[in-house]
Amino acid sequence: MTVKIAHTPDVQKFFEQAAGFGNDEGSPRLKRIVQRVLQDTARLIEDLEISEDEFWLAVDYLNRLGGRGEAGLLVAGLGIEHFLDLLQDAKDAAVGLAGGTPRTIEGPLYVAGAPIAQGETRMDDGSEADVATPMLLEGVVRGPDGQPLAGATVDLWHANTRGTYSFFDQSQSEYNLRRRIITDAQGRYRAHSIVPSGYGCDPQGPTQECLDLLGRHGQRPAHIHFFISAPGHRHLTTQINLAGDKYLWDDFAYATRDGLVGEVVFREGEQGRLAELRFDFQLQQALGSEAEQRSGRPRALQHG
Ligand code: MBD
Ligand code: FE
């Protein structure tokens with residue numbers, strides 16, 4: 001026998017009350033969202049006959065997830081961050097907005113305020129010189145009609161050879177492998193860095209704990225993140241995912257997309273093996289000044 005009460009007027013009224021509908025304070029928007037969360041949670045509990053043990057395990061899980069700062073990692077791993085891209089793509093298609101480099105997820109590991117360089121810069125601090133392959137990463141940022149954009153900001157970040165990111169990995173130097181490069185008069189950016197390794201979720205962390213129960217791994221292919229922006233143009237959040245990586249099309253965060261695969265070419269330089277990666281970006285026109293900005297997602301050192 002299944003007993004259900006979530007749909008009854010009494011319970012609906014109760015959730016409205018809990019969501020603050022009975023007062024004139026607070027945020028109407030948040031009230032609407034919380035009411036919906038309560039309704040949907042109640043329906044989920046009834047429909048899947050969630051036991052008390054399951055419910056309290058989930059509450060404890062959220063505590064542990066937040067305690068480890070992994071909420072942003074879990075939403076990436078469950079594909080919700082990718083869903084936001086699919087939804088924005090569909091909204092764009094519905095109004096005929098197309099063209100340019102595809103967007104893909106930001107991920108949880110951006111840090112604001114990276115050093116700014118004009119045209120060209122080195123990104124690595126040299127600490128992995130004995131194990132890393134040097135990488136020359138360069139390309140052109142173009143506008144909708146293909147003309148190069150001078151003065152565009154290429155804000156890029158990537159992992160080291162162990163797949164970890166500075167700031168979150170406290171053993172790395174400040175802003176290691178994080179830079180903002182302003183494109184030169186020909187729209188070019190050039191970074192001297194190292195070939196990154198793929199990221200893996202902390203095997204001991206709550207995100208991997210969930211993925212284990214889903215029978216999934218928590219690995220990403222080697223990749224490089226980008227925010228690209230220029231006055232009058234639509235902000236682009238994207239990544240280059242590296243061809244040849246075992247996880248290229250088996251990314252736990254579903255970030256790899258057609259048009260975002262980078263081919264690293266290896267050659268023998270004077271100092272040994274050198275990797276070269278060329279990747280151009282194309283921005284759309286901004287339809288309003290809002291479109292020039294990245295999302296308002298809270299980020300590390302955003303207000304620093
Ligand atoms: C990453 O480096 C990343 O890019 C994403 C999306 C999730 C976890 C780690
Ligand atoms: Fe990443």
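What share of the contacts in the protein with a separation of 6 or more is accounted for by residues 24 or more positions apart? In this predicted model, where local features need pLDDT of at least 70, side-chain atom pairs count only at pLDDT 80 or more and totals for chains, interfaces and linings use all residues, such residues account for 71% of those contacts, a contact being two C-beta atoms, placed from the backbone, within 7 Å. Residues are numbered from 1 along each chain as its sequence is written, while chains are lettered from A and ligands numbered from 1 in the order in which they are written.

The secondary structure comprises six helices and twelve strands, taken as DSSP runs numbered from the N terminus (helices H or I, at least four residues; strands E, at least two). The C-alpha atoms fill a box of roughly 75 × 45 × 35 Å along the principal axes.

Helix α1 (residues 9-18) packs against helix α2 (residues 28-47) at an angle of about 140°, the axes lying 9 Å apart, where axes are lines fitted to C-alpha atoms over the stretch in contact and angles run from 0 to 180 degrees between N-to-C directions. Val11, Phe15, Glu16 and Ala18 of α1 meet Gln35, Leu38, Gln39 and Ala42 of α2 in this contact.

Around ligand 1 stand Leu73, Ala76, Ile105, Gly107, Pro108, Leu109, Tyr199, Arg220, Ala253 and Ala255, each with its C-beta atom, placed from the backbone, within 6 Å of the ligand.
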